[in-house]
Amino acid sequence: MSTIEFSTQFDRLRRTLFSFALNLTKDEESARDLVQETAYKAFKYWHRYEPQTNLRAWLMTIMRNSFINEYRKRKRRQTLNDSTNNDFLIDSGQQTVMNQGESGLMSEEILRVIEQLEDWVRIPFLMHFRGFKYEEIAEELEVPLGTIKSRIFFARQKLQAQMRGMYSAKQIEDILG
């Protein structure tokens with residue numbers, strides 16, 4: 001097949017190729033670019049086309065592969081298009097410091113509520129709060145493990161009940177994380 005014959009057959013398939021490209025890209029401008037890329041590769045490698053085979057399928061394969069390769073390339077790049085002027089630095093490392101005054105006051109109030117608990121629930125709760133494991137608390141206080149778990153549970157229940165009376169659910173959630 002000569003270059004002229006190949007060119008003529010390509011021109012007959014141009015609309016079909018554009019439709020396929022539009023289906024892949026969902027954008028007319030990108031579809032035109034994809035058809036142009038396909039034409040470039042087809043004419044560059046036209047000597048590899050076997051004349052007795054389906055030209056339409058060969059061209060669509062080139063187009064599909066070109067589309068997939070470009071998609072993968074864009075995915076790897078993941079560039080950020082910054083359209084702002086350069087008055088500000090993106091991710092300059094500055095941190096915003098939260099005002100801890102309100103949460104500090106609430107923490108003091110929570111500690112006061114904890115101090116009002118009875119010793120049998122306060123002591124295991126404070127030990128657990130300070131990082132001791134249930135087993136360590138049970139061993140230290142010489143109390144069965146299940147009893148320690150129950151006492152810590154009861155302490156939490158009492159604290160939650162008293163806190164609900166003092167603060168809204170949102171405030172409690174913010175404090176306790």
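In which helix do Asp-11 and Arg-14 both lie, and how many residues apart are they? Both lie in helix 1 (residues 3-25), 3 residues apart, which is about one turn of the helix. Here helices (H or I, at least four residues) and strands (E, at least two) are DSSP runs, numbered from the N terminus.

This is a predicted model, in which local features need pLDDT of at least 70 and side-chain atom pairs count only at pLDDT 80 or more, while totals for chains, interfaces and linings use all residues. Residues are numbered from 1 along each chain as its sequence is written, and side-chain values use heavy atoms, with hydrogens and water left out.

**Overall build**

The protein has 8 helices and 0 strands, and from the N terminus on its elements run α-α-α-α-α-α-α-α. Of its 177 residues, 22% count as buried, where buried means under 20% relative accessible area, exposed means over 50%, and partly exposed lies in between (1.4 Å probe, protein chains only). The accessible surface comes to about 13600 Å², of which 50% belongs to carbon and sulfur atoms; such areas come from the Shrake-Rupley method with a 1.4 Å probe, and for residues only the protein chains shown count as cover. Among contacts (heavy atoms within 4.5 Å) between residues at least 6 apart in sequence, 57% join residues at least 24 apart.

**Salt bridges**

Side chains of opposite charge can pair when their charged atoms come close. With a salt bridge taken as a side-chain nitrogen of Lys or Arg within 4 Å of a carboxyl oxygen of Asp or Glu, the count comes to 8 salt bridges.

| Pair | N to O distance |
|---|---|
| Asp-11 and Arg-14 | 3.4 Å |
| Glu-28 and Arg-32 | 3.2 Å |
| Asp-119 and Arg-122 | 2.1 Å |

Glu-28 and Arg-32 both lie in helix 2 (residues 28-44), 4 residues apart, about one turn of the helix; Glu-28 is partly exposed at 45%, and Arg-32 is partly exposed at 41%. Asp-119 and Arg-122 are 3 residues apart in helix 5 (residues 119-129), so they are separated by about one helical turn. Within this pair, Asp-119 is partly exposed at 46%, whereas Arg-122 counts as buried, with 16% relative accessibility. Elsewhere, salt bridges that share partners join Glu-28, Glu-29 and Arg-32 into one network.

On the surface, Glu-135, Glu-136, Glu-139, Glu-140 and Glu-142 gather in a patch of negative charge. Patches are made of residues with over 30% relative accessible area and no salt bridge, and like charges are joined within 9 Å; the place of a charge is taken, for Glu, as CD, and Asp and Glu count as negative. Glu-136 is found in helix 6 (residues 134-141) and is partly exposed, with a relative accessible area of 41%. Glu-142, by contrast, lies in the loop between helix 6 and helix 7 (145-166), and it counts as exposed at 73% relative accessibility.

Most residues other than glycine have a negative phi. Glu-142, however, has a positive phi, near 55 degrees, and Lys-26, which is not a glycine either, has a positive phi of about 65 degrees. Lys-26 has its place in the loop between helix 1 and helix 2, where it is exposed, with a relative accessible area of 63%.

Terms used:
Patches are made of residues with over 30% relative accessible area and no salt bridge: like charges are joined within 9 Å, nonpolar side chains (Val, Leu, Ile, Met, Phe, Trp, Tyr) within 5 Å.
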